[in-house]
Amino acid sequence: MISSLRGRLFIGLTATIVLTGAIGAIFTYAWAFDEAIEIQDSALIQIASLAQSGSLSVNPPVREIEENAQVQLIELGRTAGVAPDQRQLFELKDGLHVASLEGHEVRVLVGTRSDGSRYAAAQPASVRDDTAEDMAARALLPIIALIPCLLIVTGLVITRSLRPLTQMAGNLDARRADDLHPLPAIDAPTELYSFIASINGLLTRIRLLLDQQRRFIADAAHELRTPITALSLQAENLDAVELPEGARGRVAALRQGMQRTRHLLDQLLALARYEAKPIASEMPQVSLDQTAKEVAADLLSQAADRGIDLGFEIVEPVVVRGEPTILAILIRNLLDNAVRHTPHGGRIDVGVFREDDWAVLQIEDSGPGIPAADLERIFEPFYRGSRPQGEGAGLGLSIVKRIADSLRGEVSLENMTGHDRSGVRAVVRLPLSRALDQPSIIEQPTPSPDPCFRSAS
Ligand SMILES: Nc1ncnc2c1ncn2[C@@H]1O[C@H](COP(=O)(O)OP(=O)(O)O)[C@@H](O)[C@H]1O
Ligand SMILES: [Mg+2]
């Protein structure tokens, strides 16, 4: 059984066309053959009528049939002659006959003139059949030529008719994973409407399900934050209490664990919250360079503690669309990774600039880089690669990716290779917002001291 609709249609229609063509051809052939025979009979009759009136005579008179002659006029005389053909024909009555002369079939028209002399107009059956077959075959030509044309047209029509289906599949394939907008039914053939309606129903259900899941994660993370904060406070209160030396270390570990949990909850909350936001074009305008500077300022002391030279290589004023807090989460996750993976005394170069219609944020560290095998999975949630550093859940880069996607941007991580550099180059591209010349409408959170200096300088 052929599973492709196109295959089925094509085979079904091909069989129909070929069968119809074959039946038509058989009938045409038979009809054309009979017709050709009749035409040849009428030629015999015409020759006979000329012979009858005496306007056609053959000199010297032919007495015997020649095997390959087309049409022959044979004089039979008044009495049965001596030649065998002549005698056999003389015995036939006036009119059309099929005679067998020495094993050869002959179509013959015998007639008697008014003076009593007889004649025969004869034509060998083999010659007649050859001619008739020739004419019948020629009548078949249009049908034979038409069948391949019909097959080609059928193939084209089928392909064209099924194109909306392949187009729809292509559109669905090309969609971003988070694009759950309904499929448009305009331009689609009516037969596809119910199909499109079913897919759209499914998309709606998936959207609801995802919303539910997101809300659940957000609620759970939110609910868990309060007790964790309370626990942290309790642990901090323990600082004021006289504790034996061994207990102090354990309390410190407890506090660290709780901080880790809070960080994870914050990330989960960010992940769940930002996706419920409206699409990029309805978001406020944010200055990417300002936000990057603020995030970097937050991380400066951490970098300085580790002897890392964190600074901006290039800063251009660029404005993008997005939530300032969400954008800060994106930058913080990337910078945080860079700080964590850069060894003591290393350096981190941040750049914010314009490139065509893109706002680009670039962070280069001087860490060990990411093993090539880890690179393709690095954006998966909870994936920490083969060289994880410090605390973390492997959510950071997946959050970065989702935020970049939701802002219609892109993010890439690559290893820098070169004799003087190693480390990771993280590049985020976001669509540049148009209102570059109107800095007044840019949302700018509290101005901060210019952190555009190198921490180590
Ligand atoms: N700048 C970097 N240099 C080296 N490895 C990195 C860098 N950034 C990320 N990675 C690798 O990618 C993994 C995933 O990062 P991320 O999603 O932020 O999770 P986490 O930081 O919680 O481990 C990290 O565990 C680390 O192995
Ligand atoms: Mg991280």
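Modeller: The discussion below takes up terms applied to this predicted model.

Biologist: How is the chain divided into domains?

Modeller: There is domain 1 (5–138), then domain 2 (191–272) and domain 3 (279–441). These bounds come from an automatic or database domain assignment. Taken over C-alpha atoms, the centres of domain 1 and domain 3 are separated by 97 Å.

Biologist: Why is Gln40 called buried?

Modeller: Buried means under 20% relative accessible area. Gln40 has 8% relative accessibility, so Gln40 counts as buried. The residue is found in helix H1 (residues 5–53).

Biologist: Which residues does Gln40 touch, not counting residues up to four places away in sequence?

Modeller: Gln40 touches Gln123, Val127, Arg128, Thr131 and Ala132. Each of these has heavy atoms within 4.5 Å of Gln40, because that is what contact means.

Biologist: What makes E8 and E9 a pair of strands?

Modeller: Two strands pair if there are at least two bridges between them. Strand E8 (residues 347–355) is joined to E9 by seven bridges, so the two count as paired. They run antiparallel, and Gly351 stands opposite Gln362 in E9. Their hairpin has two residues between the strands, and Asp356 takes a positive phi near 50° there.

Biologist: How do you know that E9 also pairs with E11?

Modeller: The same test applies. Seven bridges join E9 to strand E11 (residues 424–431), and the cut-off is at least two, so this is a pair as well. These strands run antiparallel, with Ala426 in E11 as the bridge partner of Ile363.

Biologist: Why is strand E9 described as mostly covered?

Modeller: Six of the seven residues of E9 (residues 358–364) are buried.

Biologist: What makes a set of residues a nonpolar core?

Modeller: The members must be buried residues of the listed nonpolar kinds, joined through side-chain atoms within 4.5 Å. The largest such core has 47 residues; Leu288, Leu330, Leu334, Leu335, Ile348, Leu361 and Leu413 touch the most other members. Among the elements that give two or more residues to this core are helix H6 (288–305), helix H7 (324–341), E8, E9 and E11. H7 gives the most, with nine residues.

Biologist: Which residues is Leu334 in contact with, leaving aside its neighbours within four places in sequence?

Modeller: Leu334 is in contact with Leu361, Ile363, Leu397, Val400, Leu413, Ala426 and Val428. There is also a second, separate core of 11 residues, which includes Leu76, Leu101, Val106 and Val110.

Terms used: Residues numbered from 1 in each chain as written. Chains lettered and ligands numbered in written order. Predicted model: local features only at pLDDT ≥ 70, side-chain atom pairs only at ≥ 80, totals over all residues. Heavy atoms only, no water. Buried < 20%, exposed > 50% of the residue type's maximum accessible area, 1.4 Å probe, protein only. Helix = DSSP H or I, 4+ residues; strand = E, 2+ residues; numbered from the N terminus.
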